[in-house]
Amino acid sequence: MTVGKDVSGLFPDVLKNMQTDDLEQKKLVYLYLMNYAKTQPELVILAVNTFVKDADDPNPLVRALAIRTMGVLRAEKIIDYLCDPLQKCLRDENPYVRKTAALCVAKLYDLKPELVLENGFLEQLHEMITDSNAMVVSNTVSALLDIHIAASALPSDSTPDPALFTISASVLNRLLIALPNCSEWGRVTILNAIARYVTPDAKESEHICERVVPQLQHVNGSVVLAAVKVIMIHARGVQREELVKQLMRKMAPPLVTLLSTPPEVQWVALRNINLLLQKRPDILANEMRVFFCKYNDPLYVKVEKLDIMVRLAADHNVDVLLSELKEYASEVDVDFVRKSIKAIGQTAVKIDVAAERCVNVLLDLIATRVSYVVQEAVVVMKDIFRKYPSTYEGVIPTLCANLDELDEPEAKASLIWIIGEYADKIDNSADLLGIFVDSFIEESHSVQLQTLTAVVKLFLKKPDSAQEVVQKVLNTATKDCDSPDVRDRAYIYWRLLSTDPGAAKAVVLASRPPISIPRTTVASGLLEDLLSDISSLASVYHKPEETFVGRGRVGADSVSVRKGEEDAFSTQKALQTVAQGQQAENLLDFDAEPAGDGAPSGLAATELFVQQQPAAQKLVSGLSENPLDDLVSIFGSANMGFGAAAPMAAFAPAPPQVRSPPMGNSSSAFGMSPPPPASQAQSQQQPQDDLLGLF
């Protein structure tokens with residue numbers, strides 16, 4: 001069974017070995033029953049007597065094993081026999097049996113909720129919260145939370161559901177007393193329950209935080225994160241600012257300790273730390289060095305560390321950070337090098353006083369002449385120019401000197417933007433942009449768009465030296481370019497330049513606000529929700545759980561059913577289209593008289609059409625061997641009289657009359673004429689003799 005072989009045929013023989021005094025053999029038999037109870041539901045009923053007998057065994061291990069196995073079997077025929085043994089085990093003198101029975105109640109609620117309510121198991125669970133054994137308390141809380149989640153998912157009327165678990169002040173005190181004596185699983189469960197508690201005043205919030213702080217020293221990372229979640233939630237109700245700062249200081253060492261775990265656990269901790277820093281940046285303000293990347297860290301860990309280092313960057317540690325990032329830029333991992341250079345740019349944008357030092361580091365990296373380093377540095381410099389316009393113009397000659405190193409679209413677009421933005425201060429800007437204009441058709445769409453805008457900027461700043469370049473790029477973009485976005489932008493620029501140069505300058509040369517790094521990567525409301533879900537998948541994905549749990553998943557059966565419904569709907573829709581086409585006859589003959597009032601339409605017309613067409617009947621009934629051929633034959637038969645009845649001239653629309661907009665007086669400033677319509681521009685095959693009529 002454990003190696004994957006099907007041994008369900010031995011079910012009756014294995015069942016005979018249940019009545020044994022050997023505990024190990026009994027465990028193996030119970031394990032076998034748990035595996036094959038679904039395939040042999042009729043035979044499971046034979047084991048009921050043995051289960052009931054074992055539930056009264058003197059050995060508490062046997063009693064707990066029997067009640068656990070009965071809860072796991074999930075066979076409807078055995079559920080009714082589970083209630084009496086479960087009642088006894090919930091009141092058992094041994095805490096091990098009681099804690100096992102508590103979890104069994106949650107499993108029974110999942111199978112048959114009404115049985116749990118009728119037998120009073122919920123009331124017994126609420127009484128067990130006051131149990132003297134901490135493990136019983138933790139398992140009871142776990143069962144009540146599971147039942148609460150299951151009851152919340154069920155549709156309910158206006159009356160409150162008794163299955164919902166409401167934590168009162170007395171329950172909270174019992175949980176806080178049991179918390180230090182539980183196992184790590186029990187502590188996580190109790191801490192999650194405490195996080196749900198709504199405090200009535202600031203005093204109780206302070207009390208909860210002080211009682212939970214010792215759990216930050218636990219060796220298990222899950223317990224630490226659960227304690228952090230409780231403190232972050234209940235710290236919102238604390239009014240004393242010095243106490244809040246003290247709590248944040250106590251959270252720092254445990255979070256740093258989580259970075260000494262294996263890479264997978266470390267990445268989960270880093271994702272949660274990233275979320276915490278967005279709310280409380282001061283938690284780890286002095287712990288920059290612990291996030292430095294190690295040589296053997298996986299890439300996903302290094303990326304998270306880089307993000308956190310940028311968040312922690314400040315005036316007092318920026319020099320150490322830049323030195324570390326410069327070292328990372330000489331690594332062999334290309335992706336890591338790119339992200340390190342990008343982090344340098346983010347640091348420059350974030351800290352104004354460190355921008356010059358960041359630019360010097362980038363110039364040192366550009367001097368290495370490594371292709372991917374130079375290209376990423378050019379992209380980063382574009383962002384720095386947007387943040388600090390007209391500040392680091394002395395860097396532009398160095399960037400332009402590395403033009404031949406650029407082969408990636410983003411790097412090319414960044415350099416083109418820089419040249420266009422500072423075209424009036426670059427002597428050979430027309431020549432540099434001319435290189436990209438010559439290869440305009442071969443470039444990617446992003447480079448084409450940036451080239452188009454940069455050339456127009458050059459023309460507005462230096463109309464005398466850019467006449468030939470702007471004429472060539474507009475001509476190429478409107479006639480030879482495949483991208484509709486590029487063509488539309490070219491036509492817009494053309495119309496602006498030909499009608500209102502002042503508007504063209506206001507649009508193209510408009511001042512842009514400086515960029516900045518957002519303080520948070522998620523919305524503030526979502527951030528509060530994610531902080532309430534720390535140590536769960538939601539805090540790792542930085543997404544609410546509704547986006548990836550439950551409602552978004554579908555099974556194979558539902559997919560096949562939905563596909564069948566969609567196919568039937570598509571067939572009906574196609575036949576309805578054909579029927580409407582037959583009724584409409586010549587759609588382009590607008591002078592034709594409408595159909596009479598007695599003619600069928602809509603669904604009635606479709607049904608009549610199906611009756612007249614054998615191929616349509618096959619499609620609707622699902623008996624068609626080749627649906628495509630039948631559909632083609634239906635369309636062919638429907639169009640037989642239609643094509644011959646109307647002369648071809650009826651389908652030839654008159655050529656549209658396109659009027660050019662009136663030329664304004666300002667058009668003489670650049671000598672531009674309005675662009676021809678797109679249809680005419682593509683149909684004209686005239687020589688290339690000043691088509692734009694610019695000069």
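**Briefing: pockets and side-chain contacts**

The charged end of Lys302 sits over the ring of Phe336, 4.7 Å from its centre; a charge counts as over a ring if NZ of Lys or CZ of Arg is within 6 Å of the ring centre and within 35 degrees of the ring normal. This is a predicted model, in which local features need pLDDT of at least 70 and side-chain atom pairs count only at pLDDT 80 or more, while totals for chains, interfaces and linings use all residues. Residues are numbered from 1 along each chain as its sequence is written, and side-chain values use heavy atoms, with hydrogens and water left out.

**Largest pocket**

- The largest pocket holds about 1,000 Å³ of space. A pocket is an open set of points, on a 1 Å grid over the protein atoms alone, where a 1.4 Å probe fits, with protein on both sides within 12 Å along at least five of seven lines. The volume is the space filled by probe spheres set on the points, which are joined across faces, edges and corners.
- The pocket is lined by 31 residues, of which Ile149, Asn192, Lys229, Ser536 and Glu545 are the closest to its centre; a lining residue has an atom within 4 Å of a point.
- Helices H11 (134-153), H13 (184-195), H15 (221-234), H17 (263-279) and H31 (537-541) each give two or more residues to this lining, and H11 gives the most, with seven. Helices are DSSP runs (H or I, at least four residues) numbered from the N terminus.
- By class, the lining has 15 nonpolar, ten polar and six charged residues. Ala, Val, Leu, Ile, Met, Phe, Trp, Tyr, Cys and Pro count as nonpolar, Asp, Glu, Lys and Arg as charged, and the others, Gly among them, as polar.

**Second largest pocket**

- The second largest pocket has a volume of about 470 Å³, and among its 18 lining residues Asp307, Val310, Arg311, Gln346 and Ile517 are the closest to its centre.
- H18 supplies the largest share of this lining, six residues.
- The lining comprises nine nonpolar, three polar and six charged residues.

**Aromatic pairs**

- The structure holds seven aromatic pairs. Rings of Phe, Tyr and Trp (its six-membered ring) pair if their centres lie within 6.5 Å; planes under 30 degrees apart count as stacked, over 60 as edge-to-face and the rest as tilted.
- Tyr30 and Phe51 form a tilted pair, because their ring centres are 5.3 Å apart and their planes stand at 45°.
- Tyr30 lies in helix H2 (residues 23-36) and Phe51 in helix H4 (residues 48-54), so this pair ties together parts that are 21 residues apart in sequence.
- Both Tyr30 and Phe51 are buried; buried means under 20% relative accessible area, exposed over 50%, and partly exposed in between (1.4 Å probe, protein chains only).

**Salt bridges**

- The structure has 20 salt bridges, each a side-chain nitrogen of Lys or Arg within 4 Å of a carboxyl oxygen of Asp or Glu.
- Lys279 and Glu528 form one of them, with their closest N and O atoms 2.5 Å apart.
- Lys279 belongs to helix H17 and Glu528 to helix H30 (residues 524-531), so the bridge ties together parts that are 249 residues apart in sequence.
- Lys279 is partly exposed, at 31% relative accessibility, and Glu528 is partly exposed, at 23%.
- Asp297 and Lys305 form a salt bridge with closest N and O atoms 2.9 Å apart, and both residues are buried.
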